[in-house]
Amino acid sequence: MEISNQHLLAWVEEVRRLCKPEQVVMCDGSEAERERLVKECVSAGELIALNQDKLPGCYLHRSAPHDVARTEQLTFVCTPTRAETGTLANWMSPEDARTKLTALYDGAMRGRVMYVIPFLMGPPGSTFSKVGVEITDSRYVVLNMRIMTRVGAPALQHLGDSGDFTRCLHSLGDLSPERRFICHFPQDNTVWSVGSGYGGNALLGKKCMALRIASYLGRKEGWLAEHMLVVGVQRPDGKVRYLTGAFPSACGKTNLAMLVPPQNFAGWKVWTVGDDIAWLRPGPDGRLWAVNPEAGFFGVVPGTSSKTNPNAMEMIRRNTIYTNVALRPDGTVWWEGHDDPPPERCLDWQGREWTPASKEKAAHPNSRFTVSATQCRSISPEFDNPRGVPIDAILFGARRRDTIPLVFEARNWQHGTFLGATLTSETTAAATGAVGVLRRDPMAMLPFLGYDVGDYWQNWLDVGSRLTRPPRVFRVNWFRTGPDGNFLWPGFGDNMRVLKWVIDRCDDRAAGSETCIGTVPARNALDRQGLDLKDAALDALLRVDPVEWSQAVSAQAEFLVNAGDRVPPAIRAEHARLAARVREALP
Ligand code: GTP
Ligand code: SPV
Ligand code: MN
C-alpha cells in the first residue's frame with residue numbers, strides 16, 4: 001500500500017533500522033491480505049484451521065504457556081516524574097525504559113517480516129476518533145488488529161498529513177516473561193511492548209492506546225477514556241436509553257453488552273454499542289456522549305453458552321479467531337461452560353491429550369474469541385455514529401461475595417465518582433497472579449491508568465461539572481453469595497431486571513429505598529415476574545449491613561491515603577459523609 005505521510009514513513013524507517021527485519025509490509029486491511037496471512041499462519045503452525053463446515057472462517061491459536069494473560073507487574077507508565085504516574089501504576093523512568101527496550105528491540109526482527117498497521121480507534125469522521133500505527137513482527141497480532149480496529153484507509157484518511165498518531169511498537173522478542181515489558185510514554189504518545197504475543201499486551205490499540213494513552217490525552221483535552229461497555233436499552237414504547245458499565249476484567253461486560261432479556265420482558269431489547277472500552281465527552285447539549293473506539297470483541301470464552309450469552313454463541317460460529325480453547329477430534333472447539341458436555345477426549349489449550357478425568361481445565365480460564373462487531377446480531381444501529389450516543393446512566397460493577405447489594409444508586413455525580421473511585425473486586429484470570437483476591441480497582445481502571453489516580457478522579461469531577469444533564473450513577477453486584485457459597489442472583493439475561501430498574505429511575509418512575517450508602521430498589525420495585533427468587537433471597541441481595549459497611553469505610557480510608565496526596569477534597573468529603581451516615585445507621 002502506498003503511504004505518503006512523511007511522519008509515518010520517518011518513524012517506520014527509524015524502527016526498521018532498530019529492529020532490522022528482512023522485509024517491511026504495509027497492511028491495508030484487504031481481504032487478500034487476510035487470506036495471505038492466514039495461509040502463512042496455518043503453514044507455520046501459528047493457527048490451526050478448524051472444521052470449515054461447522055465453523056467457517058474459524059481458527060485456533062495456542063499461545064506460549066506463559067503468555068496467556070496481561071502481565072500487570074511488567075506493565076509500566078513512563079512519565080518524566082514518578083508523581084505524574086502516581087502510586088497505583090508501575091513507574092519506570094523514560095530513560096531507563098528506552099535503554100532497556102532498545103536493547104531488546106535491536107535486531108529483534110532479523111529474518112522476519114515487520115508489519116506496519118495504520119488503525120483508527122473510533123468511527124470514521126468522528127471528533128472522538130484517534131489514529132494509531134502498530135508495528136509488529138506477529139502475524140497473529142495483525143490478524144487480531146484487523147478485527148479489533150479499523151485498519152488501513154479509514155486510518156490514513158483520518159490522519160492526512162498529520163504526525164498526530166500513537167506510535168505503537170511491538171515485538172514478540174523471545175516471549176520470556178524475564179524479557180517482557182509493556183511501556184507507555186504518554187508525553188510522546190508512544191507505546192513500546194516486547195516479549196508477549198497475548199491480548200492486551202500485544203494488541204496495542206486496546207488497553208495500551210485506548211485506555212492508558214487515551215486516559216492521559218482525555219485529561220489534557222477534557223474527556224474520559226474508560227474500561228466500559230456501552231449499551232442501548234429499548235423500552236416497549238420504542239424509546240432507547242444508553243448506559244455504560246465499568247466492570248473489572250472478566251466481571252461481565254461482554255455478557256451485559258449482549259444481554260437477551262428474559263421471556264416476560266416482551267418489547268424490551270438491548271443493543272450492543274461496545275463491550276470493553278468507551279470514550280466519553282460532554283456534548284454541546286450538556287449530556288455525556290460515548291463512542292466505542294473498537295471494531296470487534298476480544299471476549300472471554302469460558303462460561304459462554306446459549307444460556308448465558310446466546311448472541312455471542314451465534315456470533316462466534318464463523319470468522320472467529322479462538323485463542324487457547326480446547327480442540328475436539330472433529331475440528332471444533334470446546335471450553336468449560338460450553339453447551340455440550342465435556343468431550344470424551346480432546347486436546348487441551350496446550351495441545352495435550354485431555355479427558356474428563358484430567359485435573360486441569362481443557363480451555364484456559366482466560367481463553368478468548370476475536371470477532372468483528374459486524375457479526376453481532378444485537379449490534380446497535382448507532383455503532384458507527386460519529387456523534388456517539390448520549391449516556392443516561394453509568395454502572396460500576398465488580399465481583400463481591402459480600403457487603404455490596406445487587407444494585408444501588410448514587411446521590412449525584414460526585415457521590416457516583418466516589419463509588420467508582422472506591423470500587424473493589426475479586427481478581428480474575430484476565431491477569432496473571434492469584435484469582436479471587438480482593439483488591440481496589442478504581443473505575444475498573446487500576447491496570448489501565450495512564451496517570452495519577454487523584455488527577456484522574458479530578459478529571460471525572462471536572463467533566464461532570466461541564467454536564468447539565470449528567471448520567472445517574474449506580475453500583476451493581478451480580479456476585480453476592482449466600483451461606484451455601486452459591487450466587488444469590490441468577491445473572492446474565494436476568495440482569496435485565498436491574499437494567500429496567502435503572503432505566504425507570506432515569507424516568508423517575510421506580511421506587512427506591514434510602515440507605516446509608518445510597519438508594520436500593522424498594523421491596524417490590526424490582527421486576528421478579530417469571531423469576532423464582534424468594535423474598536428472603538431478595539432481602540439478602542439488597543441488604544445493607546452497617547457493621548460490614550463500617551469495616552468497608554475503614555478500608556476505604558486506608559486506600560485514600562495510599563492513593564497519594566492528589567486525591568480531590570471532594571472525594572475525601574464523600575468518604576467523610578459516608579462514614580457519618582454509616583455511624584448513624586449502626587445499631
Ligand atoms: P474482559 O474482556 O476481561 O474485560 O471481561 P468482561 O468484563 O467482558 O467479562 P465477561 O462478560 O467476559 O464475563 C467474564 C466471566 O464472568 C464469564 O465467565 C462469565 O460467564 C461470567 N459472568 C458474566 N456475567 C455474569 C453474571 O451476570 N453472573 C455470573 N454469575 N457470572 C457472570
Ligand atoms: C481485559 O483483561 O480487560 C481484556 C482482555 O479485555 S485484554 O485485551 O487482554 O486486556
Ligand atoms: Mn477488558
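The model is predicted: local features need pLDDT of at least 70, side-chain atom pairs count only at pLDDT 80 or more, and totals for chains, interfaces and linings use all residues. Residues are numbered from 1 along each chain as its sequence is written, chains are lettered from A and ligands numbered from 1 in the order in which they are written, and side-chain values use heavy atoms, with hydrogens and water left out.

The metal site comes first. The manganese ion (ligand 3) is coordinated by K207 through NZ, H227 through NE2 and D276 through OD, at 2.1 to 2.5 Å. Donors are N, O and S atoms within 2.8 Å of the metal (3.2 Å for Na, K and Ca); water is not among the atoms, so sites may look incomplete. Along the chain, the donors of the manganese ion follow the spacing K-x19-H-x48-D. K207 belongs to helix 8 (residues 205-221), while D276 sits in the loop between strand 14 (269-274) and strand 15 (278-282), so the pair ties together parts that are 69 residues apart in sequence. Helices (H or I, at least four residues) and strands (E, at least two) are DSSP runs, numbered from the N terminus. The site of the manganese ion is irregular, with angles of 64 to 174° among its six donor atoms. Four donors count as tetrahedral if all angles lie between 85 and 135 degrees; four count as square planar and six as octahedral if opposite donors are over 155 degrees apart and all others between 65 and 115; anything else is irregular. Both K207 and D276 are buried. Buried means under 20% relative accessible area, exposed over 50%, and partly exposed in between (1.4 Å probe, protein chains only).

A polar side-chain atom of S249 is 2.5 Å from an oxygen atom of ligand 2. For H227 the corresponding distance is 3.3 Å, and for D276 it is 3.4 Å. The protein covers 99% of the 280 Å² of accessible area that ligand 2 has on its own. Accessible areas come from the Shrake-Rupley method with a 1.4 Å probe; for residues, only the protein chains shown count as cover.

Ligand 1 is surrounded by 21 residues, of which A250, K253, T254, N255 and R368 are the closest. A polar side-chain atom of R368 lies 2.7 Å from an oxygen atom of ligand 1. The side chain of N255 places an N or O atom 2.8 Å from an oxygen atom of ligand 1. P302 contributes a polar backbone atom, 3.2 Å from an oxygen atom of the ligand. Of the 660 Å² of accessible area that ligand 1 has on its own, the protein covers 91%.

Strand 8 (residues 166-171) is mostly covered, with six of its six residues buried. T166, C168 and H170 point one way; R167, L169 and S171 point the other way. Strand 6 (residues 130-136) runs parallel to strand 8 and is joined to it by four bridges. Two strands pair if DSSP finds at least two bridges between them. L169 is the bridge partner of I135. Strand 10 (residues 190-194) also pairs with strand 8 in the parallel sense, over five bridges. There, S171 stands opposite V194.

A further sheet is open, with five strands in the order 2-3-18-23-17 and mixed pairing. Strand 2 (48-49) and strand 17 (296-300) stand at the edges with a single partner strand each, so one side of each is left without a neighbour in the sheet. Strand 17 runs antiparallel to strand 23 (residues 368-372), with five bridges between them.

Helix 11 (residues 413-421) has eight of its nine residues buried, so it is largely enclosed by the rest of the structure. N412 caps its N-terminal end: a side-chain oxygen lies 3.1 Å from the backbone nitrogen of Q414.

N319 has a phi of about 45° and is partly exposed at 42% relative accessibility. M443 has a phi of about 55° and is buried, with a relative accessible area of 0%.

Notes:
A residue is near a molecule or strand if one of its heavy atoms lies within 4 Å of it. A polar contact is a pair of N or O atoms within 3.5 Å; within protein, one must be able to donate a hydrogen and the other to accept it, and residues adjacent in sequence count only if both atoms are side-chain atoms.
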